[in-house]
Amino acid sequence: MSTTLATVANDVDDEDELIRLAQAGDGAAFGRLYDRYLPSIYRYTYSKTSSRSAAEDLTSETFLRAFRAIARRPRAHLNFAAWLITIARNVVIDHHRSGWSRLAVVTDEVDPQVDESMGPEQSALASMSTASVRDALTHLPDDQRECLVLRFFTGLSINETAAAMDRTDGAIKQLQFRATNRLRRLIKDL
């Protein structure tokens, strides 16, 4: 087994153990899960609100709800990343329904995070201005927009995105392909 595969296997085993401990009430184990998934959940909530303060509040609410509910979730059926995204999606929906979002003053900007290990699609999205990408995303169908947000802004894998969107891996690959092509055309036209 190569070092990379061993690291991935250890990360999965480590996560399974952290989830088991968190389900048993271990706050430190949940804290490690929090540290691991905080950036992804924050990027997701920010992509849905465009406000740093709202995204911070919604991210906190997501983890609070997860902490309260984790003991009730059987591990055999728990894809932790997808479960957190589902909670975050519900928190964002509640946020928009409450009217709180209409009171927020949007003055925040997010700096694109460029990671040298990114694939070509992620690099292209990261190099564009946040405003132009955000504008183009609003013109995509809901499922295509959600797929791109989960994959590239939140950083979920194909498998995690499929679980979060309740689709197969193949369906997500096809949806991502169509969405990135459409997004590229939209940005060119804007």
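A: Start with helix H4, residues 80–98. Helices are DSSP runs of H or I with at least four residues, strands are runs of E with at least two, and both are numbered from the N terminus. H4 has 19 residues and spans 27 Å from its first C-alpha to its last. That is close to the 27 Å expected at 1.5 Å a residue. The expected span is 1.5 Å times one less than the number of residues.

A word on the source: this is a predicted model, where local features need pLDDT of at least 70, side-chain atom pairs count only at pLDDT 80 or more, and totals for chains, interfaces and linings use all residues. Residues are numbered from 1 along each chain as its sequence is written, and side-chain values use heavy atoms, leaving out hydrogens and water.

Which residues of H4 are buried? They are Phe80, Ala81, Ala82, Trp83, Leu84, Ile85, Ile87, Ala88, Val91, Val92 and His95. Buried means under 20% relative accessible area, exposed means over 50%, and partly exposed lies in between (1.4 Å probe, protein chains only). In general, an α-helix has 3.6 residues a turn, so residues three or four places apart point the same way.

Now look at what H4 packs against. H2 and H4 pack at about 45°, with axes 10 Å apart. Axes are lines fitted to C-alpha atoms, for helices over the stretch in contact, and angles run from 0 to 180 degrees between N-to-C directions. H2 is therefore oblique to H4. Angles under 35 degrees count as roughly parallel, over 145 as roughly antiparallel, 65 to 115 as roughly perpendicular, and the rest as oblique.

On the H4 side, the contact uses Phe80, Ala81, Leu84, Ile85, Ala88, Arg89, Val92, His95 and His96. H2 brings Phe30, Leu33, Tyr37, Ile41, Tyr44, Thr45, Lys48 and Thr49. Contact means heavy atoms within 4.5 Å.

Follow H2 onward. H2 (residues 27–49) also packs with H8 (residues 142–153), at about 140° and with axes 9 Å apart. These two are therefore oblique as well, and H2 passes H8 in a right-handed crossing. Arg43, Tyr44, Ser47 and Lys48 of H2 touch Glu146, Val149, Leu150 and Phe153 of H8. Tyr44 and Lys48 are among the H2 residues that contact H4 and among those that contact H8.

H8 leads on to H9 (residues 158–165). Their axes come within 10 Å and cross at roughly 135°. That makes H8 oblique to H9. The crossing is right-handed. Here Asp143, Glu146, Cys147, Leu150 and Arg151 of H8 meet Ile158, Thr161, Ala164 and Met165 of H9.

Next comes the loop between H9 and H10, which holds aspartate 166. Its phi is near 55°, a positive value in a residue other than glycine. Aspartate 166 is exposed, at 72% relative accessible area.

Finally, step back to the chain. It has 10 helices and zero strands. Buried residues make up 37% of its 190 residues. Among contacts between residues at least 6 apart in sequence, 64% join residues at least 24 apart.

Terms used. Left-handed = near helix turned anticlockwise from the far one by under 90°.
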